[in-house]
Amino acid sequence: MVLSPEHGLVAKWLAEGKIANADAVKAYQAKAAAKSDLERTELNKEKTGVKLEGVRGVNPVNGGQIPIFISDYVLATYGTGAIMAVPAHDERDFDFAKVFDLPIVQVVAPADSEAAKTASPDPVPYTGDAAFTDIATGVMVSSGFITGLTVDEARVKMIDWLVEKGLGKAQTQYKLRDWLFSRQRYWGEPFPVIHWEDGTQSLVDENDLPLTLPELADYKPTGTGEPPLAKAAEWVNVVDPATGKKGTRETNTMPQWAGSCWYYLRYIDPHNEKAFADPALLKEWLPVDLYVGGAEHAVLHLLYARFWHMVLFDLGLVPTPEPFQRLVNQGMILGLAYKTSRGVLIPMDQITWRDGKPYGAEEGGEEELLTEFPAKMSKSLKNVVNPDDVVRDYGADSLRLYEMFMGPLQAVKPWSTKGVEGVFRFLKRVNKMVTEQPIADRALTKDEAKTLNATIKKVDEDLASMNFNTAISAMMVFVNAFAGDGRDLPREAAEKFVLCLAPFAPHLGEELWQFLGHTDTLAYEPFPAFDPAALVENEIEVPVQVLGKLRGRVTVPVDAKPPEMEAAARANPDVAKFLEGKQVVKVICVPKKMINFVVR
């Protein structure tokens with residue numbers, strides 16, 4: 001077991017004189033106290049700690065005694081500030097156990113591994129070079145009465161056992177870091193607070209709000225530790241007109257959360273000078289229908305905006321307890337990174353491509369074939385794709401369309417410049433179809449009407465469900481059906497298709513709309529409605545079998561009766577040659593499904 005150095009039990013045991021090596025423990029506590037949480041976690045590559053001599057823990061399940069350590073990688077502010085280490089399945093615990101030569105016992109194994117298949121409830125030493133952390137798909141091993149269960153099953157059974165024995169209870173632990181709301185920089189909302197010379201503080205009078213930033217020619221750091229606003233002496237120094245008392249304004253600023261946490265409310269009524277929004281308009285528009293943001297927003301803006309909104313609701317200033325009705329987290333777009341055989345990352349602009357393969361060299365080294373791998377776009381990996389470069393080479397519409405075509409909105413997706421090229425070619429084909437094929441003022445054929453209306457229906461539904469990639473696929477099917485040299489393009493199909501395309505490729509959409517003879521923007525045109533009648537199937541294709549083997553297909557009316565289906569099948573030359581010279585014993589016709597001839 002590992003406790004945080006600040007854990008209350010450590011202080012208690014020290015006070016009671018139970019810890020034999022108290023001096024070593026206190027020295028380590030002092031050393032840990034000088035580190036930030038970041039230094040103790042993300043930046044902590046080397047595990048350190050001190051064993052508490054004189055005290056031991058007891059495993060409540062098997063009664064075994066457990067050594068207790070303190071280590072700075074365990075934080076008092078996270079969870080309970082104590083962990084029951086599982087070194088075989090946690091990287092930090094594994095490193096710690098290696099440093100202190102502690103036993104490492106495997107308790108989870110891959111479901112298809114030999115360890116899982118031959119699992120024994122008795123402890124088995126772990127011999128891996130690193131912790132096995134893919135426990136979500138693992139099976140319990142060397143774990144007594146939960147051996148053989150999946151981790152999820154074992155968790156439930158173990159909690160039930162602990163509750164039954166009176167040794168524990170199920171509890172959900174929430175974690176929330178302090179909200180660092182104060183910034184030492186110029187931009188941001190100024191705090192309406194005045195610090196008076198007698199040591200008291202007061203808020204700026206409500207009649208003097210809003211408090212705005214002073215104009216500063218130089219808002220670089222002061223070099224004295226004071227925020228940039230300290231340079232605005234005329235703004236900072238104030239005198240109370242009633243008492244003559246001198247004071248200074250707060251020179252820290254808010255981190256712009258103060259605005260972004262409620263901007264959606266102000267958008268509802270942005271020109272109201274008497275209130276942040278008219279209550280009637282708030283009641284009409286709230287809650288917000290859809291919130292789209294990256295997963296990181298779930299613990300930043302989304303969380304804080306909810307705090308803000310709930311306070312306003314408690315004050316009776318907004319009509320809904322929650323600000324947002326639906327949340328969608330878009331997936332991260334991964335980039336490609338390249339490394340040498342030694343694992344050294346090579347910047348994208350230093351890679352040479354030959355025969356479609358990446359080559360590069362470390363500084364002072366020889367050129368070699370690089371290894372490509374998908375990774376989060378970041379400066380450290382030197383694999384950031386600059387959108388400006390994509391727009392320059394392929395246009396903004398290609399960039400937009402490709403980002404939506406990469407895959408489901410919520411999925412993590414790898415970036416591919418070749419994919420942008422494919423979408424770029426599609427848009428060029430769309431442009432050629434509309435601008436070079438003759439636009440015909442004629443009625444649509446039955447097949448054309450079906451394709452057009454199927455496209456409108458699919459794009460409309462996919463826009464609502466945010467399945468943009470499949471909407472684009474539907475438009476590609478449309479283009480395949482209507483594009484081609486020597487063919488005309490019905491005006492109805494051209495105009496309705498452009499209206500479908502516009503939300504995805506607005507620049508090209510506007511150009512094509514103008515090309516089709518319209519002088520006003522299409523931005524205010526209603527989205528086309530599909531005709532359900534055009535999608536009704538009047539004919540269907542059914543398979544024809546002879547002795548259970550597929551011998552052909554025939555097209556029949558959707559409501560065709562068995563005699564009509566049989567006649568169509570017999571008239572099909574592919575089927576007829578398998579019936580020739582044979583006696584038809586039985587004909588099985590399943591309407592809308594299939595036809596089968598039993599012969600001998």
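## A buried aspartate and its partner

Aspartate 72 counts as buried at 1% relative accessibility, where buried means under 20% relative accessible area, exposed over 50%, and partly exposed in between (1.4 Å probe, protein chains only). The model is predicted, so that local features need pLDDT of at least 70 and side-chain atom pairs count only at pLDDT 80 or more, while totals for chains, interfaces and linings use all residues. Residues are numbered from 1 along each chain as its sequence is written, and side-chain values use heavy atoms, with hydrogens and water left out.

Aspartate 72 forms a salt bridge with lysine 35, their closest N and O atoms being 2.8 Å apart; a salt bridge is a side-chain nitrogen of Lys or Arg within 4 Å of a carboxyl oxygen of Asp or Glu. This pair links distant parts of the chain, 37 residues apart, and lysine 35 is partly exposed, with a relative accessible area of 29%.

## Other salt bridges

The structure holds 23 salt bridges, including one between arginine 155 and aspartate 152 (3.0 Å, N to O). Aspartate 152 counts as exposed at 51% relative accessibility, whereas arginine 155, at 44%, counts as partly exposed.

Glutamate 322 and arginine 306 form another salt bridge, with 2.6 Å between the closest N and O atoms.

## Cysteines

A search of the whole structure finds 0 disulfides, a disulfide being a pair of cysteine sulfur atoms within 2.5 Å. Cysteine 261 is buried, with a relative accessible area of 0%, and cysteine 589 also counts as buried, at 16% relative accessibility.

Conventions
Helix = DSSP H or I, 4+ residues; strand = E, 2+ residues; numbered from the N terminus.
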